[in-house]
Amino acid sequence: MKIVIIGAGEIGRHLSRLLSEEKQDVIVLDRDGEALAEVAASCDVLAREGNAASARDLLAAGVKDADLVIAATSLDEVNMIASMMSKRLGANKVIARIRSDEFTDPDTPLNPEDMGIDVMIHPEQSVAQEIVQLIKRSSASDVLNLADGKMQLVGLRLEKNSPLVGMTLMEYDRGFPNLVFRIVAIYRGGRTIIPDGSDRLLGNDNIFVIARTDTIPDIVKSTGKVEQPITRIMIAGGTKVGSHVARILNQENGGWNIKLIEPSEKGANQLAAELKNILVLHGEATDPDLLAIEGVQDTDAFISVTDDEESNIISCLMAKHLGVRKTVAMVSKPQYIPLSQTIGLDAAVNKKLSASNEIHRHIRQGKVLAVSSLQGIKAELLELEVGSRSKAVGKLIHKIRFPEGCIVGGIIHNGSVEIATGQTIIRKNDRIIVFCLPQSVEAITSYFK
Amino acid sequence: MFDLFSGSTINFKSIVGILGAFMFFLGFALLIPIIPALIYHEEAWQAFLISASFAFICGALSYIFFKPKQELRLREVFIVVTFTWIILSLVGAFPFMLSGTLINYTDAFFETISGLTTTGATIFGGTTTSGNINANIEDLPKSIVFWRSFLHWLGGMGFVVLSIAILPLLGTGGMQLFQAESSLLNSDKPTPRVQQTAKFLWYIYLGITLLHFVLLWVHPKMDWFEAINHAFSTMATGGFSTKDGSVGAFDSVYIDTVITLFMFLAGVNFVLHFRILRGEVSNVLENRELRFYVLVALIVTTLITFSLWMNYYDSFGEALRYGTFQALSILTTTGYGTADYTLWPAFALFLIFLLFFTGGSTGSTSGGIKMTRWIILLRSSFREIKQAVHPKGVYPIRMGNSIIDPAVSRTIFSFFVLYMLIFSAGVLALTAMNIDFVSAIGASIASLGNVGPAIGDYGPASNYAHMPFAGKWVLSLLMMIGRLEIFTVIVLFSTTFWKQ
């Protein structure tokens with residue numbers, strides 16, 4: 001697939017890396033030669049220097065016969081112009097990153113379609129969705145819904161005193177005969193391991209488990225954690241992300257008790273006017289007195305989403321220190337995400353990473369369920385249909401020699417979901433959920449064709 | 001982005017693993033000369049079979065034991081590319097020894113690296129046999145002659161580039177490997193992915209080589225074997241011939257013309273050939289480097305032709321024929337000869353000497369400093385003159401429609417300075433071995449520029465057999481530095497590179 005990425009910023013760079021590892025033909029267009037050189041040095045892409053709002057430069061980048069154009073510069077206006085022109089010039093599909101909320105309004109005079117945009121991505125909304133998922137699964141570092149929410153992929157961190165530490169996966173599996181689950185990855189010391197039954201679990205591992213959604217609480221319990229529902233939530237920062245999170249939680253009306261801290265008086269007043277069931281506080285989130293008065297010690301989750309990543313990290317650490325169970329910090333450098341657990345945060349989120357993950361999800365046109373940074377782990381989750389001529393048809397999973405770096409997590413058979421075990425038989429037209437390293441995407445896709 | 005956890009130490013395991021893969025690959029190349037050996041009923045097939053088996057076994061073992069798991073990082077890329085060339089030359093020299101063609105490993109290594117780097121400096125043949133201790137080319141086993149030309153052809157577009165095109169094992173590091181070996185500029189990449197680019201380049205290379213083969217073969221003076229060898233050698237801008245008298249031995253206007261034309265084509269950026277095939281003719285004609293290349297070729301050829309017509313040859317036709325052939329042969333760094341330019345008038349000879357420093361285009365198979373660099377060097381220098389008149393003036397350096405980044409021209413200036421320094425160091429080393437001044441200058445630049453025949457004692461009518469052993473090693477190093485365009489090799493000599 002020929003993909004033109006406009007903008008070599010954080011999103012562009014992340015997507016270039018993901019897509020070039022999948023052996024897509026990627027062309028990156030940006031005005032900044034230095035940013036381009038950086039992308040070209042680390043990914044197998046063609047870098048073109050040029051103005052995203054110039055038809056000549058867009059043509060030179062090859063939007064004419066592109067299967068997909070991704071407008072991901074930091075400016076809405078440039079993204080819109082680039083999308084409009086690319087579509088007119090013949091691009092097949094256009095995804096644009098638009099920060100403004102203007103165009104999602106149902107009575108907007110300017111539709112995304114008018115601007116040639118097929119999919120509009122809001123980084124703030126993407127990250128807000130991710131935060132809400134994390135709140136709903138309090139003990140998980142990552143949560144992804146699979147198969148319309150019937151299955152979930154959760155990331156769980158094993159404490160040093162977890163009963164599972166020292167067990168091999170096979171022993172773990174035998175120890176809980178009534179639980180059906182599949183560990184698809186272990187993240188250990190900066191490395192992603194696609195495990196088999198003989199791999200041993202260690203303290204501080206982050207394990208990624210696929211299971212039926214209703215059995216997740218039992219699985220969490222088996223790791224020695226207690227899944228307590230979160231009721232009291234404190235959000236630090238009435239930024240776009242903070243207000244989005246508050247709005248989503250407010251709409252879902254799950255009995256949450258939400259407090260939102262905003263440092264500017266004007267902003268606090270506006271938020272208080274809009275969000276009726278939420279207590280809006282005017283103050284600094286790093287102020288221990290304010291946090292103490294508002295009862296941070298009784299809070300279940302503390303979410304820090306101000307525009308200053310250092311204060312997000314600091315206030316989360318402070319909250320953790322005061323006994324908050326779940327802390328989520330928004331960081332602006334995706335490089336910090338792999339470190340977040342090491343320094344004591346439960347989860348870290350990043351706008352650009354969430355946005356590029358969401359874009360990546362659309363690139364597979366529904367084939368990929370979700371691709372998430374999963375605390376910095378480099379892996380992808382694919383949903384693939386088993387072709388009738390695939391070598392896997394009619395075989396037991398443990399008899400199949402999969403390409404290296406892949407593991408089957410679940411199977412959707414005639415609409416019902418099944419967690420993959422060694423005894424599961426793969427039938428044609430099943431939809432298979434595969435967890436795999438980026439360099440194995442091509443191999444596994446052709447294996448099931 | 002998430003490479004926070006991999007340290008800064010050089011991963012030697014991965015390097016050995018990848019070198020193993022390349023070596024295994026070389027094994028296949030070593031099998032090919034067995035075909036002419038069998039056709040001509042020569043014993044030498046054993047030499048190739050043994051060498052190939054050695055390459056297969058060593059390559060497979062190192063690949064299996066040190067299977068590269070991580071992507072190569074930039075520092076490792078430099079080591080891999082440089083050592084690939086060293087190992088290829090070391091192992092590629094085996095057939096010369098095992099077949100009994102040569103008794104000195106130094107000679108065998110020199111001949112091999114001269115082949116691979118498309119230099120074409122040989123220790124065989126030549127028309128003046130005085131001091132010739134090795135055999136004439138025409139007396140060599142055909143399979144050995146074939147191996148020499150085939151080495152040219154492999155090295156021309158690049159062995160690493162060929163491996164990238166065929167082997168999928170290299171991942172993202174492939175692009176850096178590509179750049180470390182090829183002179184193609186990154187912005188010139190015709191396709192987004194490096195593997196496709198490498199494939200396209202090799203397809204075009206193969207295609208033009210075939211065409212060249214056919215055009216030579218139809219001439220009655222060339223049999224199929226000679227046509228294949230010359231096609232390989234021309235397209236790689238190498239210079240090894242099947243005759244002691246080089247191309248001049250055929251004494252045919254047709255062959256001279258065809259080879260002149262294909263030497264010219266081999267000196268053009270192969271991406272432009274690709275563009276022509278895609279029908280982007282006007283785009284190609286706009287190309288500044290191509291225009292400059294044509295201009296240089298025309299001016300030099302005209303001047304040489306007139307100089308020869310006035311002072312050397314009797315007829316204008318002869319002057320044109322031999323002048324053009326020699327000029328293109330040196331300009332593209334091929335190194336074929338149809339006339340001994342060392343006997344020419346000083347004016348023509350000096351023009352030839354200047355061509356030792358030009359080279360063909362970037363992205364071609366030729367060596368030398370290359371046209372794009374010269375354009376930027378010249379434009380930057382002229383800009384300084386304008387700047388002296390208007391100190392506040394802003395003069396960007398243009399190349400067609402694009403502006404050259406000051407960082408790029410800085411790199412090119414340092415390339416030039418290093419190039420001249422290495423050239424001088426080469427001359428110094430050779431003169432220290434009591435080689436005369438003119439010959440040392442010629443041999444040094446002919447090796448660094450991957451030309452082959454030089455001036456003085458090492459002119460087109462002579463050979464390198466009587467060069468002292470130490471001199472052959474010096475020249476071998478110069479050839480490799482020249483072929484890999486200086487930085488790839490030279491960084492390995494810097495202390496910064498090895499500091500943790």
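This is a predicted model: local features need pLDDT of at least 70, side-chain atom pairs count only at pLDDT 80 or more; totals for chains, interfaces and linings use all residues.
Helices here are DSSP runs of H or I covering at least four residues, numbered from the N terminus. B:His41 sits between α2 (34-39) and α3 (45-65) of chain B, and its phi is positive, about 50°, even though the residue is not a glycine. The spot is an exposed one, since B:His41 has 8 other C-beta atoms within 10 Å.

On to helix packing. In chain B, the axes of α12 (residues 253-266) and α16 (residues 316-331) come within 9 Å and cross at roughly 30°. Angles under 35 degrees count as roughly parallel, so α12(B) and α16(B) get that description. The crossing of α12(B) past α16(B) is left-handed. From α12(B), the contact takes in B:Val253, B:Asp256, B:Thr260, B:Met263 and B:Phe264, which meet B:Arg321, B:Thr324, B:Phe325, B:Leu328 and B:Ser329 of α16(B). Sorted by class, that makes five nonpolar, three polar and two charged residues.

In α13 (residues 441-448) of chain A, the buried residues are A:Val441, A:Ile444, A:Tyr447 and A:Phe448. They lie on the same side of α13(A), because their arc around the axis is only 135°. Their packing partners are β18 (380-385), β19 (406-413) and β21 (431-436) of chain A.

Conventions
Residues are numbered from 1 along each chain as its sequence is written. Chains are lettered from A and ligands numbered from 1 in the order in which they are written. A residue is buried if 20 or more other C-beta atoms lie within 10 Å of its own, exposed if 12 or fewer, and partly exposed in between; C-beta atoms are placed from the backbone. Helices (H or I, at least four residues) and strands (E, at least two) are DSSP runs, numbered from the N terminus. The arc is that of the directions from the helix axis to the C-beta atoms. Two residues are in contact if their C-beta atoms, placed from the backbone, lie within 7 Å. Axes are lines fitted to C-alpha atoms, for helices over the stretch in contact, and angles run from 0 to 180 degrees between N-to-C directions. Angles under 35 degrees count as roughly parallel, over 145 as roughly antiparallel, 65 to 115 as roughly perpendicular and the rest as oblique. A crossing is left-handed if the near helix is turned anticlockwise from the far one by less than a right angle, and right-handed if clockwise. Ala, Val, Leu, Ile, Met, Phe, Trp, Tyr, Cys and Pro count as nonpolar, Asp, Glu, Lys and Arg as charged, and the others, Gly among them, as polar.
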